[in-house]
Amino acid sequence: MGYQLELINVSKLFGDVRAVDDVSLSIQHGEFLTLLGPSGSGKTTSLNMIAGFEIPDRGEILLENEDITTVAPNDRGIGMVFQNYALFPHLAVSDNIAFPLKMRKTPGHTIQQAVREALELVKLPGFGSRYPHQLSGGQQQRIALARAIVYKPKILLMDEPLGALDKKLRDHMRLEIKHLQESLDITVIYVTHDQEEALTMSDRIAIMNEGKIIQLDTPVALYESPANLFVADFIGESNFLKGQFAETDDVRTAVETAEGLKVWVTKFNQAAPGEAVSVAVRPEKIQILTADVPDANNIANQFNGRIEEIIYVGEARIYRVSLAPEVLVDVKVQSGPSAQNFKVGGDITIGWRIRHGLALT
Amino acid sequence: MKKKKEIQNQKGMTRREFIVKTGTATGAALVTASVGPFVHTTMAKGGTLKVCSYGGSYQESQRKALIQPFADKFGVKIIEASGPDIAKVKAQVDAKSFEWDVVDLETRHIARGELENLLEPIDTNVVNLEGIDKKAIRKAAVGNIFWTTSLAYNKKALGDKKACASWADFWDVKNFPGPRALQDQAPFNLEFALLADGVPMDKIYPIDVERAFKKMDAIKEHITVWWKNGAQQIQLLTSAEAHYASAWNGRVNVAQKKNVPLEIVWEGGCLDLDWWAVPKGNPNRDLAMKFINFAISAERQGEQMQKFIAYGPTNLKAFNYITPERAKELPSFPDNLKKQFAHDADYWGPNLAPLTEKWKTWIIS
Amino acid sequence: MEAAENIMPVESASGSLWHRPAFKQFILVVPALLALFLLFVYPISSILIKSLFSPEFTLKHYLYFLKTPLYSRVLWITFQISVLSTLSALVVGYPIAYVLRRARPGVRNFFLLAITLSFMISLLVRNYSWIIVLQRSGVVNSVLTYLGLIDSPFKLLHNKLGVMVGMTHIFVPYIVFPIYSVMMGIDLNLEKAAQNLGASRWQTFWRISFPLSLPGIGAGALLVFIMALGFFITPALLGGRKEQMISNLIQIQVVDLLNWPFASALSVILLLATLVVFAIYNRYLGVERLWGGVKT
């Protein structure tokens, strides 16, 4: 089937630095795809190449099966929302929004109509005569969005568009952008370094590091089955227990840490005994084992430890438990009355099921 | 209006540039004048004399031949300054605060200074005027050099062509072709125009203004460059941008010594002077007069003109100290003198303002 | 001013004058006020007074200006030359600033330094250099003649062209810096945004980059224009007979003719003309932009 946008073995060098290194990516129409990674991972450069601000050194970019690798930015019809909005400070809001239409020689009355609709779409009707500096950050963000979609581009690129907003507004705008994308049925390629943003909005996420796509998958898949240590570390919180493979039976494999802890994980086929491995366990997957936990005997990984610290984060508590000297594990438990029984310095038994530990090499 | 006017002074600025720097826009030259009162100088005590002249090689010749010998002979401490004009004298006189005790000034400044009573009369009890050319004696100034503005040309640029020998030839653009330059001012040019029109030298003053401007009309479009300062005239002649130009003899002489093929035509030259004067009310007047007396002596002028600079001594006896070869190069050498006319400061004193206005109006039309 | 007003009602003050904060603040600005007075208020008012009183009040110097065509004609020439050289400096300076804004830091710093150094070269040296380049036997004409492109030398000097070349050379640095500094404040993403929205490079320049750099153009042009009004060395050396500047006439009145009252009147008229230009600038662009502020 045809993809809307394809990057095929695209590379970009800045001097000796491989900003983007042999990246391939296919995006379907209507998809919300996020490029997620730390700064310098190549996500913005990838976006710039899609927009046409950078020309790849190698590889090609196809838009609806047409090679646009070297097409000028203004001939691509790909919209973009910039991190700092890039509203034209000398133009009123309506002129900002009308800009792409004027460039396309749209008739005047059509422009007026389209600008009005765009303003309504971003819930800022009547703001047309204001100037960008008279708007709040969130309002500027909406205007930038209105300007980017008013001419109905095939694809909308967004470069950390919420980075400059405060948390509450950011959470709100996330949903709004998502709703807008769905109602307009537009393809979005979104760049962020905020994993929460990526997880909540995206259909698929491409995790990037050092110019390469490390893993490309749905948010759930990325969270539940990260392909490697980097992804596990980058997406969500994880405890990492370093060790080596030990024995393997029919269904499970054991990993032994230097401190002598034995951790069972799902059978790992390529496990060569003695090979270094880390076991990642999400804090919320670890249970505190008390007498009233049913089925506790079926939990393969059980350890006694000492509570070093209790961190209250509102909806949950995080217990930092030492299983051995230098081995600390965070356990995240929903806040509730029972939690009150534990004190710092107290002994505790924790455990997790085999399927919740991921052996990552 | 003078050969050495743009000579670099000791501070490395030309006079014009000095004026620009101190008063670029909006007539801020006035600011310089109005700030005058704030500049305080201590009165000369016993043996200090403040001398101001036009700087460069000219002031250097004065330093070697006049100033230093005076200081040595009388044990006087001399403070030199550069860049004089009558406006600065007026500022000092008005404020009764004197930066200069003796000042070297051009004729138009002397004439203006006498009209406005800004200069001390020459004390003939101190200043011995015996031997001084009559043209160099005024009520409030004594001439210290003769200099000439005359026709000069680049011999090499002319090639085989016959050179102009008079202002009439200069006006004859058919028989004496070639780019020409004149100075952008009324004095001298109006006189040259009258000479070219056939007026005898002794009938130039008072100037027939209508006749002079009519004659100027005839040459106007043939003048390639209207030069503004002394460096420019020699540059124009040297580079052959102008084959002919009115020029100052001192400058031409310096260029000749550097083997630039320039020639000066003494015929129809305008003989002018530089003057020593004392700002009115200067408490150091007596020492100033003593200096003037020393500086105009035949021996001092003789040494100055023989060794250091090619101007004419105002003390006719100075030629006793000058070799015949050198004398021929000087404006006041008798053979040269008789071909020239004397600039009339008394005519120009009151007429400079209206004729400058008329000149500027003429030149922009 | 506020501080000055606050200290007026001394008797109603609680505590002595010395301990009032407003007074302390006022004391701090005294040196600046004093300098302002000595450097601007006193000279300008003394020029104004000189032009109006000699010693009784009279308008005769202003009337003389009005009835003698020379002065208004030369003032007009001065304005023409100033406008033309400002435009010419803009045409040359703007692209320089534009390119510098986009140059790599090393290249940019090199050229900024070079431009700064050109401030230090004497005006006369720069003017005479142009004479050597532009005169009939100068570099340009020699090369053109040598190449057989022309038979007789072009007249590049001692006319308006020469003045424009010389003044442009002197003014370009003054115009580059204000434009450059305004351009540095413009987010380059705006140009990307414009292109992304469908604007060609040309449209991006005219609709985005150029309008946003207008404050720099205004500031640089005003600065240069006002400098040009007071200029006369370059027109004198590189110009022809018609390139006469009003400041030259003022100088003649001051130095040669000792007619200070009339010179003062001419100066005041030039100052007024300058203020008119300034007012027009303020009306359309806002003076605060000169000092880097943003008009809202």
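The side chain of Thr58(C) has a polar atom 2.9 Å from the backbone nitrogen of Lys60(C). The model is predicted. Thr58(C) sits in a loop of chain C, with helix H2 (21–52) on one side and helix H3 (60–67) on the other. Leaving aside residues up to four places away in sequence, Thr58(C) touches Ser51(C) and Leu52(C). The relative accessible area of Thr58(C) is 17%. Buried means under 20%, so Thr58(C) counts as buried.

The interface of chain B and chain C was examined next. Here 53 residues of chain B are in contact with 48 residues of chain C. About 4,400 Å² is buried between the two chains. Carbon and sulfur atoms give 63% of that area.

Polar and charged pairs also cross this interface. Two salt bridges are found between chain B and chain C. One of them joins the side chains of Arg108(B) and Asp256(C), at 2.4 Å from N to O. Residue pairs in polar contact between these chains number 16, with both residues at pLDDT 80 or more.

Several elements of chain B supply at least two residues each to the side that touches chain C. They are helices H1 (15–22), H2 (29–35), H4 (86–95), H5 (107–115), H10 (230–238) and H16 (345–364), together with strand S6 (223–227). H16(B) gives the most, with eight residues. By class, this side of chain B has 22 nonpolar, 15 polar and 16 charged residues.

Key: Residues are numbered from 1 along each chain as its sequence is written. Chains are lettered from A and ligands numbered from 1 in the order in which they are written. This is a predicted model: local features need pLDDT of at least 70, side-chain atom pairs count only at pLDDT 80 or more; totals for chains, interfaces and linings use all residues. Side-chain values use heavy atoms; hydrogens and water are left out. Contact means heavy atoms within 4.5 Å. Buried area is the accessible area (1.4 Å probe) that two parts lose on being put together, summed over both. A salt bridge is a side-chain nitrogen of Lys or Arg within 4 Å of a carboxyl oxygen of Asp or Glu. A polar contact is a pair of N or O atoms within 3.5 Å; within protein, one must be able to donate a hydrogen and the other to accept it, and residues adjacent in sequence count only if both atoms are side-chain atoms. Helices (H or I, at least four residues) and strands (E, at least two) are DSSP runs, numbered from the N terminus. Ala, Val, Leu, Ile, Met, Phe, Trp, Tyr, Cys and Pro count as nonpolar, Asp, Glu, Lys and Arg as charged, and the others, Gly among them, as polar. Buried means under 20% relative accessible area, exposed over 50%, partly exposed in between (1.4 Å probe, protein chains only).
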